[in-house]
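Here is a friendly note to read beside the model. Keep the view open and find each residue as you go.

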Amino acid sequence: MSAMKFQIGEPKKLTLAFDEPKTGTNSYGMWYMYGFKSDIDSDKDCFFATASLHTMIKTLGAGEGDEITIEKCQEGEITFFKVNGLTLNDMNSGGSAEKIAEASPTPSEVDRLKTIIKELESELSAYKDSKLTDADIPF
């Protein structure tokens, strides 16, 4: 296992492996280690987030299975992150609720299909449990 380091100007699209990061404290303060799903031949499967990057990920509501894009940016002497195209300033400024809702990860197609399957199984079960007779058939 090896931690990925973000490079300035290189956005990385990641699928989070867990709902919550592992946390701890060291001489630099609090740390947040996020796991992500990686290619089988990749030795990178986690990254350490700063407190502000962690806050941004949580603000978007991202969790296990969600795909997010993280970009490390620099303007002059200031280094900052964007998550799904939003900076921390974007998330805290006017109209931020709409921006956050738009940038938040949506349930994956697999999750959507699982929900549909559960609904169909429930309907099928209801039909199986009902006592239909030939008289109930309209033709």
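**Notes on pockets, patches and pairs**

1. The largest pocket has a volume of about 200 Å³. A pocket here is an open set of points on a 1 Å grid over the protein atoms alone, where a 1.4 Å probe fits and protein lies on both sides within 12 Å along at least five of seven lines; lining residues have an atom within 4 Å of a point. The volume is the space filled by probe spheres set on the points, with grid points joined across faces, edges and corners. Rolling a probe the size of a water molecule over the atoms shows where empty space is left.

2. Before going on, a word on the source. This is a predicted model, in which local features need pLDDT of at least 70 and side-chain atom pairs count only at pLDDT 80 or more, while totals for chains, interfaces and linings use all residues. Residues are numbered from 1 along each chain as its sequence is written, and side-chain values use heavy atoms, with hydrogens and water left out.

3. Which residues line the largest pocket? They are Asn-26, Tyr-28, Gly-29, Met-30, Trp-31, Tyr-32, Phe-48, Ala-49, Thr-50, Ala-51, Leu-53 and Phe-81. Strand S4 (29-37), strand S5 (44-49) and helix H1 (51-59) each give at least two residues to this lining, and S4 has the largest share, with four residues. Helices (H or I, at least four residues) and strands (E, at least two) are DSSP runs, numbered from the N terminus. By class, the lining holds nine nonpolar, three polar and no charged residues. Ala, Val, Leu, Ile, Met, Phe, Trp, Tyr, Cys and Pro count as nonpolar, Asp, Glu, Lys and Arg as charged, and the others, Gly among them, as polar.

4. The second largest pocket holds about 160 Å³ of space. Its lining is made of Ala-3, Met-4, Lys-5, Phe-6, Phe-48, Lys-72 and Phe-81. Five of these residues are nonpolar, none is polar and two are charged.

5. Leu-113, Ile-116 and Leu-120 make a nonpolar surface patch of about 240 Å². Such a patch joins nonpolar side chains (Val, Leu, Ile, Met, Phe, Trp, Tyr) within 5 Å, from residues with over 30% relative accessible area and no salt bridge. Accessible areas come from the Shrake-Rupley method with a 1.4 Å probe, and for residues only the protein chains shown count as cover. Ile-116 sits in helix H4 (residues 109-129) and is partly exposed, at 31% relative accessibility. Buried means under 20% relative accessible area, exposed over 50%, and partly exposed in between.

6. Next come the charged pairs. Side chains of opposite charge can pair when their charged atoms come close. A salt bridge is a side-chain nitrogen of Lys or Arg within 4 Å of a carboxyl oxygen of Asp or Glu, and by this rule there are two. One joins Glu-67 and Lys-13 at 3.8 Å, N to O. This pair links distant parts of the chain, with Glu-67 in strand S6 (residues 67-75) and Lys-13 in strand S2 (residues 12-16), 54 residues apart. Glu-67 is partly exposed at 45%, whereas Lys-13 is exposed at 58%.

7. In the other bridge, Lys-58 meets Glu-20 at 3.3 Å, N to O. Lys-58 lies in helix H1 and Glu-20 in the loop between S2 and strand S3 (22-26), so the pair ties together parts that are 38 residues apart in sequence. Is Lys-58 exposed or partly exposed? Lys-58 is partly exposed, at 29% relative accessibility, and Glu-20 is exposed, at 53%.

8. Asn-84 has a positive phi of about 50° although it is not a glycine. Asn-84 lies in the loop between strand S7 (78-83) and strand S8 (86-87). Ala-62, in the loop between H1 and S6, is buried, with a relative accessible area of 4%. The C-alpha atoms of Ala-62 and Leu-16 are 7.8 Å apart, although 46 residues separate the two in sequence.

Methods. Patch = residues over 30% accessible without salt bridge, like charges linked within 9 Å, V, L, I, M, F, W, Y side chains within 5 Å. Buried < 20%, exposed > 50% of the residue type's maximum accessible area, 1.4 Å probe, protein only.
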